[in-house]
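This briefing walks through one protein model, topic by topic, for a reader who is new to structures. Please keep the sequence and the 3D view open while reading.

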Amino acid sequence: MRAIGVVEFGGPEQLRAVDVPEPHPGPGEVRIRVQAAAVNPTDLGFRAGTHRERQRDAPPPHVPGMDAAGVISEVGEGAPWTIGDEVMAIVVPAARPHGGAYADQVVVPAESVVRIPAGANFASASTLPMNGLTAWLALEMLGLSTGQTLAVTGAAGAFGGYVVQLAKVAHLHVIADASEKDEPLVRNLGADELVRRGDDVADRIRALVPEGVDGVADGALLNGLVAPAIRDGGGLAVVRGWSGEPGRGIAVHQVGVVAQVRNTAALERLRQLAGDGFLTLRVARVLPASQAAEAHRMLAAGGVRPAGPRLQPLTDGNPASRCRVIRIHSGVVSTMPWRRPRRAAATALVSEPPKSRLTGPHWLGHPHPTSPAAGRRH
Ligand SMILES: NC(=O)c1ccc[n+]([C@@H]2O[C@H](COP(=O)([O-])OP(=O)(O)OC[C@H]3O[C@@H](n4cnc5c(N)ncnc54)[C@H](OP(=O)(O)O)[C@@H]3O)[C@@H](O)[C@H]2O)c1
């Protein structure tokens, strides 16, 4: 089968179409025919060899991609799926013999898979599993309660945006950073207050909350720079590992999504929240697989912004290749005109979520009645 990968670690130019053996699922696994694979910052490190320690047992080519959406094409023994089901999944490339989601087919544990959200297509669905799960995990680790204050950095990004929206579902007060041009976007995501982004964002947050915020979800990797915004005894959720010690009793939570890849209940909850319009699935660009290198360059340059909704899947022009779509979803669409949340604006959406969905600080930790963990997969 075809995949996009690297034989030698390096720059974006190392990404190329490669032939790899077609994978088959083992017991408890499924194979997905990939229709869309999100391009995330971690893919850039994977391609460059940042994770080579974890990849050393796998021979090249190394195939990146932690988010897949597509169609179940083969079902391993005991896996509760049917061929043809339309699904999304989180993928750990270094844990798979054939790598990640930039491929015609990917095999994952059945627990890493849920149906695509109602109203989503494959491209938009592929934005959700990895960053949604990471945002959920950051909030779980911070453990804030209704009414407490959370600051979010990198709020315009994929992780930060999901944090903002999930935090509003949990009835937190959200202060989010934004550049001037991203202010409408971040406000539409539901942030209560905005501060201009930058290395001195802690000062601006403190100006709003002199006693300090209860927690920070740090999608912009500011680490110690943002810690002064946090009250004594608060929490800082970091997403790239940080060994600093902010002091004042502030707990540093090391967020790592890989440990959560079998958390079907959380994935299912994210699916429901997206389907109900509480999470906005944002797509910046859709590119053919043959332009994966360009996708990496664009993401590395930052500021990826949509020129407009472009959700028509594009083939890569090569009929022999079944790789369909590589998609970037960094940053930033305010509200997608082609798929608005069903209930007016995001701000209105999150102000009064149905009470039955909220169960206190562990609002996302409980299996939903229709989740697989509660006995129903479909
Ligand atoms: N540990 C885990 O398990 C895990 C899981 C998922 C993600 N992550 C990490 O989380 C981070 C965010 O991921 P993502 O997918 O959300 O990336 P993203 O979509 O590129 O979002 C990052 C956002 O931060 C903004 N930004 C960059 N520098 C900033 C600064 N100094 N101050 C404020 N904002 C700044 C970016 O703006 P511009 O676009 O204008 O540059 C962008 O909007 C990445 O480092 C990723 O590797 C970790």
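Six of the six residues of strand S11 (residues 213-218) are buried, so this strand is largely enclosed by the rest of the structure. Here a residue is called buried if 20 or more other C-beta atoms lie within 10 Å of its own, exposed if 12 or fewer, and partly exposed in between, with the C-beta atoms placed from the backbone. Strands (E, at least two residues) and helices (H or I, at least four) are DSSP runs, numbered from the N terminus. This is a predicted model, in which local features need pLDDT of at least 70 and side-chain atom pairs count only at pLDDT 80 or more, while totals for chains, interfaces and linings use all residues. Residues are numbered from 1 along each chain as its sequence is written.

**Confidence**
- The protein averages a pLDDT (the predictor's confidence in each residue, from 0 to 100) of 82, and 80% of the residues score at least 70.
- Over residues 306-378, however, the pLDDT is below 50. Where pLDDT is low, the predicted coordinates should not be read in detail.

**Strand S11 and its partners**
- Strand S8 (residues 149-153) runs parallel to S11 and is joined to it by four bridges, where pairing requires that DSSP finds at least two bridges between two strands; threonine 153 has aspartate 218 of S11 as its bridge partner.
- Strand S12 (residues 230-238) also pairs with S11 in the parallel sense, over five bridges, and here valine 213 stands opposite isoleucine 230 of S12.

**Backbone features in loops**
- Proline 60 and proline 61 are joined by a cis peptide bond, with omega about 5°, and proline 61 is found in the loop between helix H2 (52-55) and strand S4 (67-75).
- Histidine 171, in the loop between H5 and strand S9 (173-178), has a phi near 60°, a positive value in a residue other than glycine. With 19 other C-beta atoms within 10 Å, histidine 171 is partly exposed.

Conventions
Two residues are in contact if their C-beta atoms, placed from the backbone, lie within 7 Å.
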